[in-house]
Amino acid sequence: MADSAPLLSVWDLTVTFPTKHGPVRAIDSLAFDVPRGRTLGIVGESGSGKSVTSLAVMGLHTGADVTGSVVLDGQELIGLSDRALNGLRGRRMAMIFQDPLSSLHPYYTVGEQIAEHHRVHFGSGRRAARARAVEALAEVGIPEPRRRAGEYPHQFSGGMRQRVMIAMALACEPDLLIADEPTTALDVTVQAQILELITRLQEERGLAVVMITHDLGVVARVAHDVLVMYGGRVAEQAPVDALFTTPAHPYTRGLLDSLPRLDDPDDTPLRAIPGSPPSLLDPAPGCAFAPRCPRAARGSEEERSRCAAERPVRSGPEGHPVACHFPAYEGVAP
Ligand SMILES: Nc1ncnc2c1ncn2[C@@H]1O[C@H](COP(=O)(O)OP(=O)(O)OP(=O)(O)O)[C@@H](O)[C@H]1O
Ligand code: SF4
Ligand SMILES: [Mg+2]
């Protein structure tokens with residue numbers, strides 16, 4: 001049974017990048033919790049701030065202004081020294097990325113890399129660290145792990161490399177795993193295997209997982225709770241079933257409507273939400289989704305003016321907050 005106290009608690013997290021054109025507020029006032037044993041899916045279009053969020057939690061932004069609070073198991077991470085953060089990264093919280101090749105060193109065998117990671121965090125001897133590396137490769141389903149530990153990253157297929165990354169991330173038994181688009185580059189069969197692997201390891205170890213994706217199909221498969229991001233802010237947050245059955249934010253509705261349906265003819269073009277994501281350099285005063293929002297478009301003049309002038313704040317039932325002036329609770333179509 002999962003402990004329901006949040007392992008990760010993020011509050012009012014804001015990340016601003018100074019650029020030559022002015023400050024870019026990539027994420028603004030984010031708040032979410034991830035309890036042990038739960039997976040939070042973070043979903044949103046390209047540029048909505050998903051990766052900036054994950055890097056901020058890991059303390060990996062340099063040169064950005066990061067404010068707010070990120071508490072991991074009772075410890076505040078914002079403001080910690082690099083040294084203290086280095087001690088936590090890998091050991092208490094680990095991250096896997098879309099492209100494993102960019103995170104694996106080409107000149108060292110995968111066994112050496114996992115072993116080194118273990119040695120750094122546990123101070124274990126070479127022999128013990130090597131044994132742990134072989135064990136970790138076996139746990140993620142790599143056949144002949146002893147032999148494969150002696151091979152180099154380029155000798156692995158894309159799916160196998162992603163398994164190596166997961167083995168490396170989990171070798172130090174972290175409490176929190178952040179996966180940023182871990183399966184986007186993989187074909188659908190391998191993608192399904194990797195998602196199953198992450199879910200199995202999560203259940204076995206009671207990990208808290210943050211799964212970042214632009215794909216609602218991935219969210220439906222692995223997430224318990226979902227955070228929908230738009231323009232660096234939370235649009236809607238809900239348990240996964242509620243998000244799919246009663247989406248309350250017009251943007252979430254648009255994302256769901258973009259999913260291919262089983263009864264679509266084969267030549268149906270992919271649906272996308274018309275319009276482009278908002279500028280983060282010079283954000284409009286009202287709701288960031290207003291220029292693309294079908295609910296605002298069919299509203300009264302008074303409603304449209306409100307959407308254009310007043311930024312919506314999160315409100316609604318506990319467990320299903322929505323940032324919209326006219327959310328679609330109680331079956332009203334967004
Ligand atoms: N170092 C930086 N300097 C300036 N702006 C940045 C920087 N890093 C990210 N941004 C901006 O922050 C916004 C959010 O970026 P982020 O990488 O989090 O998007 P994302 O949701 O992960 O998108 P994708 O699905 O394409 O990975 C983007 O507009 C991006 O241009
Ligand atoms: S606040 Fe207005 S523009 Fe924004 S999502 Fe809601 S209805 Fe649409
Ligand atoms: Mg990203």
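This is a predicted model: local features need pLDDT of at least 70, side-chain atom pairs count only at pLDDT 80 or more; totals for chains, interfaces and linings use all residues.
Local features are given only where pLDDT is at least 70 and side-chain atom pairs count only at pLDDT 80 or more, while totals for chains, interfaces and linings use all residues. Residues are numbered from 1 along each chain as its sequence is written, and chains are lettered from A and ligands numbered from 1 in the order in which they are written.

**Domains**
- An automatic or database domain assignment divides the protein into domain 1 (6–92 + 175–275) and domain 2 (99–173), whose centres, taken over C-alpha atoms, are 25 Å apart.
- In domain 1, 12 residues are in contact with 13 residues of domain 2, contact meaning that the C-beta atoms, placed from the backbone, lie within 7 Å.
- Helix α7 (residues 188–205) supplies the largest share of that side of domain 1, six residues; helices here are DSSP runs (H or I, at least four residues), numbered from the N terminus.

**Helix α3**
- Helix α3 (residues 110–122) has 13 residues and spans 18 Å from first to last C-alpha, close to the 18 Å expected at 1.5 Å a residue, a figure computed as 1.5 Å times one less than the number of residues.
- Its buried residues (20 or more other C-beta atoms within 10 Å of their own, C-beta atoms being placed from the backbone) include Ile 114, His 117, His 118 and His 121, and their cover includes α4 (126–139) and α6 (158–171).
- Gly 123, which follows α3, has a positive phi near 65 degrees.

**Ligand 2**
- The residues around ligand 2 (C-beta atom, placed from the backbone, within 6 Å) include Cys 287, Cys 293, Cys 307, Cys 324 and His 325.

How values were computed:
Two residues are in contact if their C-beta atoms, placed from the backbone, lie within 7 Å. Helices (H or I, at least four residues) and strands (E, at least two) are DSSP runs, numbered from the N terminus. A residue is buried if 20 or more other C-beta atoms lie within 10 Å of its own, exposed if 12 or fewer, and partly exposed in between; C-beta atoms are placed from the backbone.
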